[in-house]
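Thanks for coming. I'll take a few minutes on one structure, so please have a look at it first.

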Amino acid sequence: MPRAATDRSAPRNGPGVDAVFHCPTDRMEKLASAMRMTCISTRDHAQTVTALQFEEPHRHALEEESMSQSAPITVVGAGPAGMAAALSLLRAGHDVRLYERYARARPAGNILNLWPPPIKALEAMGVDVADLGAPCHTTFRSESGRIRADVRIPDDVIARYGGGFIGLLRPDLYTRMLAALPDGVLQTGRELASIDDHGDGVTLAFTDGETFETPVLIGADGIDSAVRRHLWGATPKRPHHLHIIGGFTFDIDGIPELELGEVVLTHNRTVQGTYSSIRRDGRTGIQWWLLEAWPDDHEAPADLHAHGTTLAAGFRGPLSALVARTPTEQTQRWPIRDIAPLPKWSKGRITIAGDAAHATSPYAAYGAGMSICDGYFLGQTLAGVDLADTTAVTAALEAYERPRIPHTRSQVQQAYVLGKVFHHAPAFLRPIRDFVLDRTPLLQKQVGERSPGEIVAQLAEMGDGILSPTTR
Ligand SMILES: Cc1cc2nc3c(=O)[nH]c(=O)nc-3n(C[C@H](O)[C@H](O)[C@H](O)COP(=O)(O)OP(=O)(O)OC[C@H]3O[C@@H](n4cnc5c(N)ncnc54)[C@H](O)[C@@H]3O)c2cc1C
């Protein structure tokens, strides 16, 4: 019997075709039967070509077997959410690939603060958090310096998680997270183009033409998420009509009234002016930002640094000096948008994480933190799950989102409301607002006590690590 040769020049994966052979048809019938395949077409001009298809039950069994043995979980988007999901799922024992559309995983900006839950999550994922940021205590203040809210994180939490609320530069977080990823996990220059969840697996197509199967898809692809759109349709961004101008400097010697180890968050009648200590390579510096109402359809200020200088002049203390010492190229601007909280994240074998699921105003200073925690909880809920078992995968993704949706919704909405109160109150109401904030415990209760309470509750909910038992 002539040897049947697999045809490597012909396209192998036409619709329904599992293999193509050059071989006389009668001989092929025998071989096909031995391989539990069916001949679905024969012939071509010069020689006999036989296209074969696996019989359906056998194809199904093979697909399930290969899925459970080898196909990695796919995470799309190498921001904080995607890197965290990949690291956590690796810790949970799964094979993972992380796809990023750009040529490298790169942060969109610089300024960042992180609460203790993401620090706990990063530690559990094997990320080096030693001296990652400057430990900071946070106060909300009035224009005159009166303390309106003192964010009191318990001392034991501060001691355990490197200082409570740490100030750092975003690229340094990326460097540490990327260093923890094993070689080969991150695939850059790969943009997801389409998704098909066919029940027992998900077929993904990328803009470079590659198509493959994955048992689980996690969309960590940011506020404009294609994965969210595939699952839940168009979800318009909610404009806040606010923008932030921010920057950082390590040139801080001799600046009068500078408070190190503090996030000093001050509101005048219309603008928030804030500064926070940061750490980089063992050095302490300062990041600052100014947040004001700015209609979304207005052009950005032509000279950001000059605009920041004007806004900072409206504050007592060191803000003006900090802006003056910040190089122009280290000054950035972001319009603020979020998405209204979603009632559901997961469907079948697909879910979303990070800004794709809960894009948040920086008023929360928790968007990246929540994204990292999403990754932690994904690892926890998918640990030990047989990825070939559709029911088990779906249940794990439900268990992941069940506590995350209410937690993130509360943060997103609180940040949205704070932006309205501080920057969109009508002029005649501002004196009353400021009287209430200065003379009543409202802000202390809302952000001084509620936020630390939620931080402590999150730490408890995280349990003792990615492989710790959960009650979900
Ligand atoms: C001014 C400002 C200050 C902030 N301050 C803080 C703070 O102090 N603390 C805090 O916790 N949070 C803060 N945040 C929020 C935080 O930046 C975000 O919540 C966080 O970056 C979200 O991370 P992510 O991984 O979900 O999304 P992103 O960081 O947006 O990453 C998404 C990634 O997906 C990739 N991607 C998108 N589509 C595709 C595709 N089709 N295929 C492949 N890849 C794709 C993108 O290129 C990108 O790399 C701040 C935000 C702003 C704007």
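Which residues are closest to the ligand? They are Gly77, Gly79, Gly222, Gly354 and Gly367. In total, 35 residues surround the ligand. Keep in mind that this is a predicted model. As for where the shell comes from, the elements that contribute two or more residues are helix α3, strand β7 (111–114), helix α10 (355–358) and helix α11 (367–382). Sorted by class, the shell holds 19 nonpolar residues, eleven polar ones and five charged ones.

Next, the sheet. Five strands make up an open sheet, and their order is β11-β6-β5-β15-β21, with parallel pairing. The edges are β11, at 186–187, and β21, at 350–352; each has a single partner strand, so one side of each has no neighbour in the sheet.

Last item, a hairpin. Strand β12, residues 192–197, and strand β13, residues 202–206, pair in the antiparallel sense over five bridges. Here Ser194 is opposite Ala205 in β13. Four residues lie between the two strands, and in that turn Gly199 has a positive phi of about 95°.

That's it from me.

Methods:
Residues are numbered from 1 along each chain as its sequence is written. This is a predicted model: local features need pLDDT of at least 70, side-chain atom pairs count only at pLDDT 80 or more; totals for chains, interfaces and linings use all residues. Two strands pair if DSSP finds at least two bridges between them. A residue is near a molecule or strand if its C-beta atom, placed from the backbone, lies within 6 Å of it. Ala, Val, Leu, Ile, Met, Phe, Trp, Tyr, Cys and Pro count as nonpolar, Asp, Glu, Lys and Arg as charged, and the others, Gly among them, as polar.
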